[in-house]
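Good morning, and thank you for coming. I would ask you to look at the sequence and the structure together while I speak.

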Amino acid sequence: MRIDLICVPGLGHYRKLKQGSCFFPPFSKHFVDTGSELFFETRKHFGYFTLRMNFLRGVMGGQTAGPQPSGAETIQKLCDRVASSTLLEDRRGAVRALKSLSKKYRMEVGTQAMDHLINILQTDRSDSEILGYALDTLYNVISNDEEEEQDESEDENAQKQADDLATQFTEKFIEDPEHITLVLTLLEEFDFHVRWPGVKLLTALLKTQGVQVQGIILVSPMGVSRLMDLLADSREVIRNDGLLLLQQLTKGNAAIQKIVAFENAFERLLDIITEEGSSDGGIVVEDCLLLLLNLLKNNSSNQNFFKEGSYIQRMKPWFEVGDDNSGWSAQKVTNLHLMLQLVRVMVSPVNSPGATASCQKCMYQCGLLQQLCTILMATGVPADILTETINTVSEVIRGSQVNQDYFASVNAPSNPPRPAIVVLLMSMVNERQPFVLRCAVLYCFQCFLCKNQKGQGEIVATLLPSTIDANSISAGQLLCGGLFSTDSLSNWCAAVALAHALQDNLTQKEQLLRVQLATSLGKPPVSLLQQCTNILSQGSKVQTRVGLLMLLCTWISNCPIAVTHFLHNQDNVPFLTAQISENLGEDERLVQGLCALLLGICIFYNDNSLENYTKEKLKQLIEKRIGKENFVEKLGFITKHELYSRAALKPQPVFPSPEQMLFDHEFTRLVKDLEGLITKAVQKSSEEDKKEEEVKKTLEQHDNIVTQYKELIREQDAQIQELKEKVASMTTQTEQLQATVSQQQSQIQQHKDQYNLIKLKLGKENQSQSNNQGDSQVNGLQTEELSQLREELEELRRQQTLLQTQLSEKDALIDSLKSSAQAAEAPAGGSDNAELLQEVEALKNQVQSHLAEISQLKTERLELLRRAEAASSSTAPPSDKSSDAAKAELESRLAAQTSEMERLKEGRSELEEQLASATSTVAILQTEKSKLQTEVQESKKEQDDLLMLLADQDQKIHSLKQKLKDLGETVEDEDDIDARDQTSDEEDEDED
């Protein structure tokens with residue numbers, strides 16, 4: 001018997017017992033019998049070992065002694081050990097053993113150990129290693145992921161059993177919602193061995209029971225926020241698996257999608273896409289794009305948030321392809337395909353019209369549409385990318401006049417340049433092009449003409465004789481060529497494209513009646529309408545006839561002139577009645593229904609201008625040749641066709657094969673509108689028609705009377721409105737006149753008061769004139785002059801207050817500069833700032849002294865003005881001389897004051913310049929300080945990165961050593977080397 005003692009990776013030292021060794025007396029052992037393997041714990045080294053006993057049956061003869069325990073028994077013993085062991089090391093070893101057995105004995109481990117593992121997650125939160133083992137075991141039990149060694153050709157029954165097991169164990173795990181909350185809590189642990197298994201476990205739960213787990217996470221406090229933190233993890237493995245987890249979490253749950261979006265998911269995902277290389281990135285970019293599609297598809301709130309956050313502009317760099325487009329990798333094709341789908345989600349026809357129009361406008365303004373058109377016209381682009389680009393451009397321009405006008409101006413890089421529409425139509429009518437590409441071009445042409453009457457007119461104009469250019473190929477020529485080619489698919493596509501050029505446009509329907517075609521040499525030209533009916537009567541393929549009938553129905557509907565042109569050909573009505581009345585096979589039923597629809601349109605929109613084909617005569621013809629009930633039944637064949645309902649779902653023509661390309665989306669809407677009207681029109685009798693016509697005439701007369709009254713009421717309303725405006729203007733004028741009168745009255749009253757005051761003062765002056773001549777002259781000043789002097793004094797006070805306010809502001813600015821200069825702590829700039837502050841203080845003192853002097857001068861000026869005015873009122877010659885002297889002195893003082901003010905202004909400007917220079921010096925110091933702080937932070941970050949790299953390197957060295965130990969190689973650890981060196985040193989000392 002040989003007993004090998006092998007260390008589990010990461011725990012204890014590697015030892016090997018040679019043959020013949022017995023048990024280990026130095027160690028205290030605790031064995032757990034697992035059959036062929038013995039697990040025990042050595043308390044000295046706290047390691048777990050596996051005893052593998054291999055018996056040489058050929059030598060010893062016979063089998064191993066004792067019955068071998070089954071897998072269920074082994075798992076039961078391990079579960080008992082997990083439940084009963086008091087030592088953490090015992091429980092850890094047992095959980096690790098369960099993990100190793102969980103894939104092979106999935107049913108047994110899931111049935112017996114799940115409760116114990118959940119209990120471990122709840123109780124042993126302090127030990128990350130046992131938490132990682134427990135989470136891995138639960139993941140192996142719940143997940144359906146196959147091992148690499150497993151045979152891929154597993155039959156369906158085994159796969160179904162595995163799915164049933166996953167569902168069973170998932171339901172058991174989520175019976176208590178607290179279990180999900182527990183796993184979410186564990187995701188807050190930064191330890192890799194806990195966080196990564198937790199992410200994988202939640203992903204497996206969501207794959208199996210997505211709706212239930214989504215509901216639990218949604219009501220869990222901060223549940224979605226904890227999962228969003230995974231995107232910020234620096235370890236790419238966790239971040240990438242976090243993307244897969246969020247993909248499963250956001251599937252089909254609008255509430256969670258909104259929460260994830262408002263947790264800044266768009267910003268993080270777009271940053272990851274940019275970091276990974278955009279379209280040239282790997283599968284991580286694909287995962288990010290899939291998550292973005294989950295968040296935006298059919299979620300109007302998130303779409304609006306994406307647009308309002310200016311994230312559409314960040315999509316433009318994705319589509320910047322170079323000139324060399326050869327050798328696209330499969331991953332790049334996948335990434336670009338998903339990016340185009342993301343653009344289509346934002347402008348999908350199923351979105352609300354307002355939101356779609358807003359996104360279309362944004363895509364044009366940011367240049368995204370221009371970039372897509374560049375890809376459209378580029379060479380070397382893969383076919384599937386080109387097809388999806390055409391579909392994307394189609395929906396970006398659909399119903400948007402500005403985008404449609406831009407698309408019409410795009411030219412292909414050919415010689416001579418051709419419009420992009422013409423180049424695309426050439427691909428549509430070319431039977432050698434791929435089917436999906438031709439469908440995409442048709443969809444693009446339909447979207448270009450959607451609600452675009454200007455574009456419809458341009459297409460029809462290329463068919464008119466006056467605008468045909470023989471030297472160039474036009475869109476109309478390509479459509480006519482496709483309409484009458486031998487390829488039935490080209491016939492159908494051209495007919496549908498031409499029908500869209502007439503959709504809801506009565507003018508173009510009438511213009512198209514002018515188109516003449518030259519069939520062969522020597523024969524007169526025929527109209528396009530007649531040529532279409534001629535091809536119908538020749539009995540071509542079903543697809544061709546269906547396309548032509550759809551074109552004719554669209555053309556003559558709601559256009560009585562076109563109905564008259566169609567009925568003018570004597571062969572058309574007999575052909576239609578013959579087609580409807582015949583009993584043909586299943587393939588021809590659709591053609592019969594379309595013929596019935598065409599004949600019904602001729603009845604409903606008939607203006608009775610042709611005597612032989614009035615409404616009444618056509619209904620009599622139907623009743624005699626076909627029968628009303630039979631006609632209605634044949635008309636119902638259209639909507640009963642299986643491909644009709646498929647085409648009615650969405651505007652884009654998507655068909656599995658060319659043979660199933662029969663109905664157009666817009667035509668299904670036309671049938672829905674006309675089927676009931678035509679049925680009623682055919683089933684009505686002549687008396688009912690007469691009554692209806694009489695009712696119509698009565699209603700028309702009534703409408704005319706109502707219209708006349710409406711016009712009269714409108715005129716009266718206009719007159720009333722005009723009178724109201726006049727009344728309002730007159731009221732305004734009256735109010736203005738009243739205000740003017742009141743103002744004039746107040747002015748008159750003021751003049752009266754002033755007159756009374758002047759009269760009173762003059763009386764007083766006359767009384768005191770004999771007593772004091774000088775005093776009487778001073779007291780005889782006019783009241784107006786006194787008030788003027790008071791106003792000047794108040795103005796000077798206000799100016800003084802303003803100057804003091806400005807001075808206080810400068811003081812505050814100087815104080816702030818002082819504090820900033822002291823904070824800068826620059827020795828060179830400190831002395832300059834101190835000198836500058838001293839100069840500022842000196843200038844402040846100088847300004848204050850000047851202000852005091854100004855106020856004194858103003859006071860003297862007022863006094864001199866009073867004296868001058870008093871002197872001017874005196875008639876004595878000596879007074880005139882003194883007045884002249886006073887005026888001269890006043891003028892000299894004013895001149896001195898003016899010069900002093902100029903000098904103060906110059907000093908103030910110099911002060912401001914010095915303050916500005918001090919401010920710039922402080923800003924430079926602060927900039928240098930911030931640079932130094934940034935460099936310190938960068939160095940700290942680099943140091944942390946180096947520590948992380950060293951830790952990873954130590955982990956790799958440790959794992960490699962452990963692998964060598966597992967393979968039986970002797971590897972000395974640093975502790976062993978140190979011990980050996982110490983022993984050798986001691987031996988050398990003993991020898992000495």
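Let me begin with a term that will return throughout this talk: a residue is called buried when its relative accessible area is under 20%, exposed when that area is over 50%, and partly exposed in between. Please also keep in mind that this is a predicted model.

I start with the overall picture. The protein has 992 residues, and 41% of them are buried. Its secondary structure consists of 40 helices and 8 strands. The accessible surface comes to about 55,200 Å², and carbon and sulfur atoms account for 51% of that area. If we take the contacts between residues at least 6 apart in sequence, 69% of them join residues at least 24 apart.

I turn now to charged pairs. In general, side chains of opposite charge can pair when their charged atoms come close. How many salt bridges does the model contain? The count comes to 19 salt bridges.

One of them pairs Arg226 with Glu188, and the closest N and O atoms there are 2.8 Å apart. This pair links distant parts of the chain, since its members are 38 residues apart. Arg226 belongs to helix H10, residues 223–228, while Glu188 sits in the loop between helix H7 (177–186) and helix H8 (192–208). Is Arg226 buried or exposed? With a relative accessibility of 18%, Arg226 counts as buried.

A further salt bridge is formed by Asp233 and Arg235, with 3.0 Å between the closest N and O atoms. Asp233 is buried, because its relative accessibility is 7% and the limit for buried is under 20%. Arg235 is buried as well, at 18% relative accessible area.

Elsewhere, salt bridges that share partners join Arg92, Asp127 and Glu129 into one network.

Next, I would like to consider the helices. Helix H23, residues 475–483, is mostly covered, as 7 of its 9 residues are buried. Which residues of H23 are buried? They are Ala475, Gly476, Leu478, Leu479, Cys480, Gly482 and Leu483.

Helix H24 packs against helix H27, residues 542–556, at an angle of about 10 degrees, and the two axes are 8 Å apart. Why are H24 and H27 described as roughly parallel? Angles under 35 degrees count as roughly parallel, so the angle of about 10 degrees places H24 and H27 in that class. On the H24 side, the residues that meet H27 include Leu489, Trp492, Val496 and Leu498. On the H27 side, those that meet H24 include Val546, Leu548, Met550, Leu551 and Thr554.

Thr554 leads us to another residue. Gln503 lies in the loop between helix H24 (488–500) and helix H25 (506–512). Leaving aside residues up to four places away in sequence, Gln503 touches Gln456, Thr554 and Glu666. Gln503 is buried, as its relative accessible area is 19%.

Asn298 is not a glycine, yet it has a positive phi of about 60 degrees. Asn298 is found in the loop between helix H13 (283–296) and helix H14 (300–308), and at 66% relative accessibility it counts as exposed. Asn608 likewise has a positive phi of about 60 degrees without being a glycine. The loop that holds Asn608 runs between helix H30 (586–604) and helix H31 (615–625). Asn608 is partly exposed, with a relative accessible area of 38%.

Which residues make the nonpolar surface patch of about 390 Å²? Ile705, Tyr709, Leu712 and Ile713 make this patch. Tyr709 is part of helix H35, which covers residues 686–768. In an α-helix there are 3.6 residues a turn, so residues three or four places apart point the same way. Tyr709 counts as exposed, because its relative accessibility is 53%.

Thank you for your attention.

Technical notes
Residues are numbered from 1 along each chain as its sequence is written. This is a predicted model: local features need pLDDT of at least 70, side-chain atom pairs count only at pLDDT 80 or more; totals for chains, interfaces and linings use all residues. Side-chain values use heavy atoms; hydrogens and water are left out. Patches are made of residues with over 30% relative accessible area and no salt bridge: like charges are joined within 9 Å, nonpolar side chains (Val, Leu, Ile, Met, Phe, Trp, Tyr) within 5 Å. Accessible areas come from the Shrake-Rupley method with a 1.4 Å probe; for residues, only the protein chains shown count as cover. A salt bridge is a side-chain nitrogen of Lys or Arg within 4 Å of a carboxyl oxygen of Asp or Glu. Helices (H or I, at least four residues) and strands (E, at least two) are DSSP runs, numbered from the N terminus. Buried means under 20% relative accessible area, exposed over 50%, partly exposed in between (1.4 Å probe, protein chains only). Contact means heavy atoms within 4.5 Å. Axes are lines fitted to C-alpha atoms, for helices over the stretch in contact, and angles run from 0 to 180 degrees between N-to-C directions. Angles under 35 degrees count as roughly parallel, over 145 as roughly antiparallel, 65 to 115 as roughly perpendicular and the rest as oblique.
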